[in-house]
Amino acid sequence: MPSIVTLISGRGSNFEAIVKTAQKEQWPVTFAGVIANHSAAKGLDFARSQGIPAFAIEHKEHATRESFDAALIKKIDELGADLVVLAGFMRILTPGFIRHFEGRLINIHPALLPAFPGLHTHERALEAGVAEHGASVHFVTEGVDEGPIICQASVPVLPGDDADTLAARVLAAEHQIYPRAVKWFLDGRLRIEGNQVQVQPPESQLIKL
C-alpha cells in the first residue's frame, strides 16, 4: 500500500480531514507518520489517538534551516513516504528538501492561486474586494505557492465578512478538496505537464461552494 507522511505545526485539521475521509472510504493507504516542528502541536495527539506514529523534530534545536530539513528528510525517508503532505506546516522549506521530494510533496494554500500567494490571504482578499475566495492544493516547487495546481475550491465573499468568518468558510472548503487531491495522487491519476496538472480520467479540478 502507498504510504503518507504528514508535516504539521498546529492542530492539523486538514490532516484530520484526510484521515477521516480515508477511513470512511476505506482507502488502501498507510499513514506512516506525522511529524511536527515542535512537540506542542495538537495534531500529534490526534495522530496518536488513531494509532499513527507521531514525532516532533524541534526546529529550535537546529542552528540552520538546512540542518532542520536534513533531519526531516532522514525521518521521512525512514518512514518510507510515497507522498509528503503539508498540513499547516509553518516552516519555509529549503530548495534541497523540495528537490528531494519533487513530484510527491503537496500543500494546501488558503487562496485561489495564483491570487494571494504568501501570508494573510483572507485580509488581502477582503482589501481587494474580490467576490470569490477559496483554497488551492498544489505540488510544492521552489517558488512560494507557485507549484502546479491540483484542485481548487471557491467560496463567496459575503457582505459583512471579516477575516475570521472568511477563514472559517475557506477552511471548510480545504477539508473537502485536500482529501480529494490526495486520493487522486494515490490512485495515480495526476499528470504534471509544464506547470499544469491533468487528472486522468478527467474530473473537475474546481468546485464552487
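Which residue follows α6 and has a positive phi? Select G188: this residue comes after α6, and its phi is near 70°. Helices here are DSSP runs of H or I with at least four residues, strands are runs of E with at least two, and both are numbered from the N terminus.

Before moving on, a word on what is loaded. This is a predicted model, in which local features need pLDDT of at least 70 and side-chain atom pairs count only at pLDDT 80 or more, while totals for chains, interfaces and linings use all residues. Residues are numbered from 1 along each chain as its sequence is written, and side-chain values use heavy atoms, with hydrogens and water left out.

**Stop 1**

Colour α6, residues 163-186. The expected span of a helix is 1.5 Å times one less than its number of residues. For the 24 residues of α6 that gives 34 Å, and the end C-alpha atoms are 34 Å apart, so the two agree.

Now zoom in on the N-terminal end. D162 caps α6 there, with a side-chain oxygen 3.0 Å from the backbone nitrogen of D164. Next, select D161, in the loop between β7 (149-156) and α6. Is D161 buried or exposed? D161 counts as buried because its relative accessibility is 16%; buried means under 20% relative accessible area, exposed over 50%, and partly exposed in between, using a 1.4 Å probe and protein chains only.

Show the D161 side chain and you will find a polar contact with the side chain of T165 at 2.7 Å. The D161 side chain also reaches the backbone nitrogen of L158, at 2.7 Å. A polar contact is a pair of N or O atoms within 3.5 Å; within protein, one must be able to donate a hydrogen and the other to accept it, and residues adjacent in sequence count only if both atoms are side-chain atoms. Setting aside residues up to four places away in sequence, D161 touches L126, P156, L166 and R169, where contact means heavy atoms within 4.5 Å.

**Stop 2: the cores**

Select F15, F31, I106, V137, I150 and V182. In the largest nonpolar core, of 47 residues, these touch the most other members. The largest share of this core, 10 residues, comes from α6. Apart from it lies another core, of 19 residues, including A32, I57, L93 and I98. A nonpolar core is a set of buried Ala, Val, Leu, Ile, Met, Phe, Trp, Tyr and Cys residues joined through side-chain atoms within 4.5 Å.

Centre on V137 for a closer look. Beyond its neighbours within four places in sequence, V137 is in contact with residues including I106, I108, I150, I177 and A181.

**Stop 3: aromatic rings**

The structure holds five aromatic pairs. Rings of Phe, Tyr and Trp (its six-membered ring) pair if their centres lie within 6.5 Å; planes under 30 degrees apart count as stacked, over 60 as edge-to-face and the rest as tilted. Select F15 and F46: their ring centres are 5.7 Å apart and their planes stand at 85°, so this pair is edge-to-face. The pair links distant parts of the chain, with F15 in helix α1 (residues 13-25) and F46 in helix α2, 31 residues apart. Both F15 and F46 are buried.

**Stop 4: the loop between β5 and α5**

Go to P114, in the loop between β5 (105-109) and α5 (121-128). A cis peptide bond joins L113 and P114, with omega about 10°. F116 is in the loop between β5 and α5 too; though not a glycine, F116 has a positive phi of about 55°. H120, in that loop, is likewise a non-glycine with a positive phi of about 55°. F116 is buried, at 16% relative accessible area, whereas H120 counts as exposed, at 56%.

**Stop 5**

Finish with strands β8 (residues 190-193) and β9, which run antiparallel and are joined by four bridges; two strands pair if DSSP finds at least two bridges between them. L190 has V199 as its bridge partner in β9. Two residues separate the strands in this hairpin, and G194 in the turn has a positive phi of about 65°.
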